Amino acid sequence: MKQFNLTFLLTVLMSMVGVKALAHVIEVENADGKTIYYNWNYDKTELIVTYRGYGYDYFNDEYSGDINIPESVVYDGNNYSVTSIGDGAFYNCSGLTSVTIGNSVTTIGKEAFKGCSGLTSVTLYCRSVGSWFKGSTSIKEVILGDEVKSIGNEAFRGCSGLTSVTIPNSVTSIGDGAFYYCSNLTSVTIPNSVTTIGNYAFSGCSNLTSVTIPNSVTSIGDNVFSGCSNLTSVTIPNSVTSIGYRAFFSCSLTSVNIPNSVTTIGDDAFSGCI
């Protein structure tokens, strides 16, 4: 009997922990009438956006249309910052068409937007952009607010539907593979605030036709534009001192002006440029 009671007690406790970790505990309606579901952080001082119910598949399309994640919400007379979007929060919300994420959000969990097949537009105001939308093929437009300081590694890797991205003057770095194989990206403006462009950052962007590298950049890394088969024009500023391995491999550059400032050019940097 004692063993049974202990087992029963452990089962109850484990289920309670599971509910706390997964289920939404409060729901708040935005000014636009859309309801957002939240869970608490560990000490109940901040809110985490989550799915409705006890699991990500408990309801279908609880989020649809245009969704705005606020910086803070008022609940029970108190104001709470929204700092995270939890694992699978928007999982399989195929009716979600656009999402705006406020600058209070610092982390977005695994597969938060997986299966959002109707998501076409993303607006981000958070300080640093992680690989939250990696492989989201439906996204066509990305707008980054002036609060964004860095675009992380593989941030939009494989977003093959992406045709437009606005990079504000606040961004100082573009991570490795940030736009890797964004095959429908036709143009990109890199602002003078950017000092670092990571390896493979725009590799495989086969519809990119021209690019201007700002004079704030001092080096072009390995494979940055490799496989950009339609890239015919590139402007390299006098600030650049090195061009990495296969930096422009298999591009279609008809001519390129390499400034005197460049002292190092990696192997096959311009190989395959017909």
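In which strand is T123 found? T123 lies in strand β9, which spans residues 121-124. Helices (H or I, at least four residues) and strands (E, at least two) are taken as DSSP runs and numbered from the N terminus. The model is a predicted one, in which local features need pLDDT of at least 70 and side-chain atom pairs count only at pLDDT 80 or more, while totals for chains, interfaces and linings use all residues. Residues are numbered from 1 along each chain as its sequence is written, and side-chain values use heavy atoms, with hydrogens and water left out.

T123 counts as buried, at 11% relative accessibility; the term buried means under 20% relative accessible area, exposed means over 50%, and partly exposed lies in between (1.4 Å probe, protein chains only). Contact is defined as heavy atoms within 4.5 Å. When neighbours within four places in sequence are left aside, T123 is in contact with V99, T100, I101 and I143. T100 also stands opposite T123 in the strand pairing.

Two strands are said to pair if DSSP finds at least two bridges between them. Strand β7 (residues 96-101) runs parallel to β9, and 4 bridges join them. Strand β7 also pairs with strand β4 (residues 65-69), in the parallel sense and over 5 bridges. Within this second pairing, I69 has I101 of β7 as its bridge partner.

An antiparallel pairing is formed by strand β5 (residues 72-75) and strand β6 (residues 78-85), which are joined by 4 bridges. V73 has Y80 in β6 as its bridge partner. The two strands β5 and β6 form a hairpin with 2 residues between them, and D76 in the turn has a positive phi of about 55 degrees.

An open sheet is made up of 3 strands in the order β18-β20-β21, with parallel pairing. Because β18 (219-220) and β21 (264-265) stand at the edges with a single partner strand each, one side of each has no neighbour in the sheet. Strand β20 (residues 242-243) pairs with β18 over 2 bridges in the parallel sense, and I243 in β20 is the bridge partner of I220.

With a disulfide defined as a pair of cysteine sulfur atoms within 2.5 Å, the count is 0 disulfides. For C116, the nearest cysteine sulfur is that of C93, 5.5 Å away. C116 is buried, with a relative accessible area of 6%. C126 is likewise in no disulfide, and the nearest cysteine sulfur, that of C159, is 14 Å away. C126 counts as buried, at 0% relative accessibility.
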